[in-house]
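Please look over the sequence and the model below before reading on.

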Amino acid sequence: MPKLGAEPIRRAALVKATIEAVGEAGSLEVTVAQIARRAGMSSALAHHYFGSKEQIFLAAMRWILERYRAEVHGALAMAVGPEQRLRAIVVGSFAQGSFRHEAISAWLNFYVLAQTQPEARRLLRIYQRRLRSNLRHELRQVVGDRAEAVARGLGALIDGVYIRAALADGAPDPDYARRIVMEYLDRELGERA
């Protein structure tokens with residue numbers, strides 16, 4: 001007889017194991033058996049809960065996107081006014097929970113998966129639109145007509161810092177990442193409309 005309430009716990013364990021396995025491998029070239037073993041269960045059980053390796057990857061990306069959203073939302077909750085809110089988005093983007101080796105590697109591989117998998121592409125577009133919309137909303141109040149261009153630049157810089165962190169040696173440095181993006185933001189805010 002199945003244990004009551006075990007499914008959410010096992011699903012969460014598989015998602016965590018997926019992120020760790022992708023982070024360790026540096027690619028999506030991990031098997032369901034490797035993921036399941038890391039989670040302490042059989043590959044048959046992993047297939048039972050998710051159906052396919054692709055669905056496990058998508059669940060892992062949803063978890064990472066939700067963590068990212070929560071960290072940005074938490075940073076925004078403390079901010080007052082458009083400039084502080086812009087800075088909060090940057091701070092939240094490089095929070096410790098999202099800006100760690102495993103999550104960064106998963107992000108990079110998520111971009112690769114989005115090139116061929118429609119659901120991954122849809123999730124990526126949602127993330128990109130939401131980020132640009134949040135940035136643009138605050139930027140309109142401080143840079144006027146340049147808001148769209150500055151939002152595109154900030155979004156590209158945030159994503160680019162993740163890509164560079166994925167390819168760098170050593171542990172990711174969230175302070176350095178925030179500083180790079182904040183310098184760009186400060187320059188753009190200095191050229192107000």
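In sorting lining residues by class, Ala, Val, Leu, Ile, Met, Phe, Trp, Tyr, Cys and Pro are taken as nonpolar, Asp, Glu, Lys and Arg as charged, and the others, Gly among them, as polar. The model is predicted. On this scheme, the lining of the largest pocket holds 9 nonpolar, 2 polar and 4 charged residues. The largest share, 8 residues, is that of α4.

The second largest pocket has a volume of about 250 Å³. Closest to its centre are V161, R164, A165, Y176 and I180, out of 15 lining residues. Here the elements that contribute two or more residues are α8 (147-167) and α9 (174-190). With 5 residues, α8 gives the most. By class, the lining of the second largest pocket consists of 10 nonpolar, 2 polar and 3 charged residues.

These helices belong to a chain whose secondary structure amounts to 9 helices and 0 strands. The C-alpha trace spans about 65 × 35 × 30 Å along its principal axes. The protein chain has 193 residues, and 44% of them count as buried. When contacts between residues at least 6 apart in sequence are taken, 68% of them join residues at least 24 apart. The accessible surface of the chain is about 10,400 Å², and carbon and sulfur atoms account for 54% of that area.

Rolling a probe the size of a water molecule over the atoms shows where empty space is left. How many cavities of 30 Å³ or more does a search of the whole structure find? The search finds 2.

The largest cavity holds about 70 Å³ of space. Its lining is made up of T18, I19, V22, L28, F57, A60, M61, A106, N109, F110 and L113. Two or more of the lining residues come from each of α1 (6-25), α4 and α6. The most, 4 residues, come from α6. The lining of the largest cavity includes 9 nonpolar and 2 polar residues, with no charged residues.

The second largest cavity contains about 40 Å³ of space. Around this cavity lie Y68, W107, Y111, Y127, I158, D159 and Y162. The elements supplying two or more of its lining residues are α6 and α8, and the largest share, 3 residues, belongs to α8. Its lining divides into 6 nonpolar residues, 1 charged residue and no polar ones.

The last stop is S98, in the loop between α5 (81-93) and α6 (101-114). Is S98 buried or exposed? S98 has a relative accessible area of 1%, so this residue is buried, the cut-off being under 20%. The side chain of S98 makes a polar contact of 2.7 Å with the side chain of E71. Beyond its neighbours within four places in sequence, S98 is in contact with R67, Y68, E71, A103, I104 and Y162.

How values were computed: Residues are numbered from 1 along each chain as its sequence is written. This is a predicted model: local features need pLDDT of at least 70, side-chain atom pairs count only at pLDDT 80 or more; totals for chains, interfaces and linings use all residues. Side-chain values use heavy atoms; hydrogens and water are left out. On a 1 Å grid over the protein atoms alone, a cavity is a set of points where a 1.4 Å probe fits but cannot get out, and a pocket is an open set with protein on both sides within 12 Å along at least five of seven lines; lining residues have an atom within 4 Å of a point. Grid points are joined across faces, edges and corners, and a volume is the space filled by probe spheres set on the points. Buried means under 20% relative accessible area, exposed over 50%, partly exposed in between (1.4 Å probe, protein chains only). A polar contact is a pair of N or O atoms within 3.5 Å; within protein, one must be able to donate a hydrogen and the other to accept it, and residues adjacent in sequence count only if both atoms are side-chain atoms. Contact means heavy atoms within 4.5 Å. Accessible areas come from the Shrake-Rupley method with a 1.4 Å probe; for residues, only the protein chains shown count as cover.
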